Amino acid sequence: MNAPRKPRSKTPESKTSAPAHIGNTRFLAWQSLLRWQRGGIFAETLVVREGAALSRADRSLLQAILYGCLRHLSWLNHLCSRLRPGKLENEWRALLLVGLCQLFVLRQAEHAAVGETVALAPKRVRGLVNAVLREALRRRAELMAEREQLPLALRYSVPEWLAERWVQRFGEAETRRLLEWNNLEPKLYARLNPLRPMTPPAQWQQLPGESVWYQIVGELPREALAQGQLYIADPSTRHCIRLLAPAPGERLLDACAAPGGKSVAMISATGGNLHLLATDLHEHRLARLHENLMRAGGRDVAVAQHDWSQACPAEWRGQFDGVLLDVPCSNTGVLRRRVDARWRLRESEIERLSALQRQILRAAADAVRPGGRLVYSTCSIEREEDRDAVDAFLRERADFEFVEDYLALPHLERADGAYAALLRRRSE
């Protein structure tokens with residue numbers, strides 16, 4: 001059970017899905033893991049769907065178990081094989097992973113982690129599940145010590161090709177620190193909106209040197225969100241806005257905008273005094289995008305559907321003082337937050353994406369006026385998607401010049417990974 005497979009038609013539910021277990025959080029975590037394995041559904045979607053009727057505490061437990069299993073999938077599978085060698089039906093292996101996750105990753109109380117997990121198994125395998133989890137407890141110190149000697153990909157549960165790729169680029173010690181960081185639970189951050197002032201709760205932690213960035217502690221402030229007083233975002237998103245440096249009165253384009261976090265940052269940075277066009281590939285996202293921008297204090301804002309892998313529309317050519325281009329990418333900078341992205345990614349996808357990114361960059365650059373600015377950004381830390389894409393563009397377009405760029409590595413930034421480059425179109 002190393003990665004999700006492509007969906008198969010008419011896949012039956014697990015034959016262990018007994019009504020007696022409905023509402024049991026550990027049962028839902030087990031079934032969610034099996035559904036994720038069959039493919040075609042994101043872990044985040046499973047938590048929303050299966051946790052809809054749960055209390056806040058139980059929903060948090062469901063998420064912690066499912067996400068813990070996926071973050072540590074290779075290692076937990078390794079533990080399972082060490083404790084119970086030989087062939088094992090996938091549904092019982094998945095149940096053991098749920099138990100092992102509680103013991104080794106979440107460090108839950110032993111009686112609950114073992115007892116309640118064993119109780120989920122039908123009588124014919126209950127003894128096996130109990131024996132494996134009890135053996136895991138007996139050998140926990142030994143197995144944890146052994147973990148430190150395992151290859152990086154197995155120790156930190158990432159595809160081998162990705163671990164090897166990062167070792168070649170960053171070195172083994174730096175890669176180990178990056179992989180450790182990616183397996184930690186992410187924090188929740190918010191950017192306050194100066195146009196909709198609020199006093200943050202005392203328990204929120206202000207980021208050093210930042211006036212509007214806070215780590216949220218406690219309940220999510222839904223009312224403040226609804227009133228546009230803050231926007232949930234990772235601090236890594238501030239780098240592309242800093243490079244773009246939106247100024248009041250400018251005409252700006254956010255080319256890949258939905259759901260609108262970076263557009264909202266532009267509105268805040270200019271006091272709402274800007275002429276903003278926000279576009280997105282998917283038309284069904286536009287209504288929510290427009291709502292978010294208006295709630296944040298936008299006045300002269302418009303939204304439109306456009307596929308930037310196609311040419312820049314004639315009416316937008318050379319019309320914008322600044323263009324922000326946050327392109328689709330491999331997400332290798334946000335593996336800590338997008339818990340199952342590591343298992344969906346293939347190395348060949350990076351090559352495909354880099355070609356698409358360069359195509360999008362060429363098209364969006366035509367919207368920049370002479371003397372204007374373009375910021376190219378990704379949430380990838382792969383050079384092919386970042387500086388290489390920018391350099392390839394500059395070799396083609398002598399009318400643009402490189403100004404500066406910034407690569408935020410997650411474990412050094414203590415936030416999501418990101419890349420942003422500022423380019424300037426030469427004046428005619």
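## Arginine 82 and its salt bridge

At 29% relative accessibility, arginine 82 counts as partly exposed; here buried means under 20% relative accessible area, exposed means over 50%, and partly exposed is in between, using a 1.4 Å probe and protein chains only. Arginine 82 forms a salt bridge with glutamate 146, and their closest N and O atoms are 2.8 Å apart. A salt bridge is a side-chain nitrogen of Lys or Arg within 4 Å of a carboxyl oxygen of Asp or Glu. Glutamate 146 is partly exposed as well, at 21% relative accessibility.

Where do glutamate 146 and arginine 82 lie? Glutamate 146 is in helix H8 (residues 140–147) and arginine 82 is in helix H4 (residues 73–83), so the pair ties together parts that are 64 residues apart in sequence. Helices (H or I, at least four residues) and strands (E, at least two) are DSSP runs, numbered from the N terminus.

## About the model

This is a predicted model, in which local features need pLDDT of at least 70 and side-chain atom pairs count only at pLDDT 80 or more, while totals for chains, interfaces and linings use all residues. Residues are numbered from 1 along each chain as its sequence is written, and side-chain values use heavy atoms, with hydrogens and water left out.

How many salt bridges does a search of the whole structure find? The search finds 37. One of them joins glutamate 135 to arginine 139, with 3.6 Å between the closest N and O atoms. Glutamate 135 is partly exposed, at 23% relative accessible area, whereas arginine 139 is buried, at 13%.

Another salt bridge brings together the side chains of arginine 369 and aspartate 321 (2.5 Å, N to O). Arginine 369 sits in strand S9 and aspartate 321 in strand S8, so this pair ties together parts that are 48 residues apart in sequence. Arginine 369 is partly exposed, with a relative accessible area of 28%, and aspartate 321 is buried, at 17%. Elsewhere, salt bridges that share partners join Arg82, Glu135, Arg138, Arg139, Glu142 and Glu146 into one network.

## The seven-stranded sheet

Now follow the strands. An open sheet of seven strands runs in the order S7-S6-S5-S8-S9-S11-S10, with mixed pairing; two strands pair if DSSP finds at least two bridges between them. Strand S7 (300–305) and strand S10 (400–408) stand at the edges, each with a single partner strand, so one side of each has no neighbour in the sheet. On average, neighbouring strands of this sheet are turned by 15° against each other, direction ignored. Axes are lines fitted to C-alpha atoms, for helices over the stretch in contact, and angles run from 0 to 180 degrees between N-to-C directions.

Strand S8 (residues 320–326) and strand S9 (residues 368–378) pair in the parallel sense over six bridges. Leucine 325 has tyrosine 376, in S9, as its bridge partner. Helix H14 (residues 261–269) packs on the sheet and touches S5 (251–254), S6 (275–280), S7, S8 and S9, its direction making about 160° with that of S5. Helix H18 (residues 387–396) also packs on the sheet, where it touches S9, S10 and S11 (418–425); its direction makes about 180° with that of S10.

The unreviewed UniProt entry annotates residues 142–428 as "domain: SAM-dependent MTase RsmB/NOP-type". UniProt positions are given in the numbering used here, feature names are shortened, and annotations may be inferred rather than shown by experiment. Over residues 142–428 the chain is 35% helix and 22% strand, and the end C-alpha atoms are 69 Å apart.

Cysteine 256 lies in the loop between S5 and H14. Leaving aside neighbours within four places in sequence, cysteine 256 is in contact (heavy atoms within 4.5 Å) with Thr279, Asp280, Leu324, Leu325 and Asp326. Glycine 261 has its place in helix H14 and is buried, at 14% relative accessibility. Not counting residues up to four places away in sequence, glycine 261 touches Arg191 and Tyr231.

## Cysteines without a disulfide

How many disulfides are there? The count comes to zero, a disulfide being a pair of cysteine sulfur atoms within 2.5 Å. For cysteine 80, the closest cysteine sulfur is in cysteine 69, 11 Å away, which is too far for a bond. Cysteine 101 is in no disulfide either, and the nearest cysteine sulfur, that of cysteine 69, is 4.1 Å away. Cysteine 80 is buried, at 0% relative accessibility, and cysteine 101 is buried with a relative accessible area of 0%.
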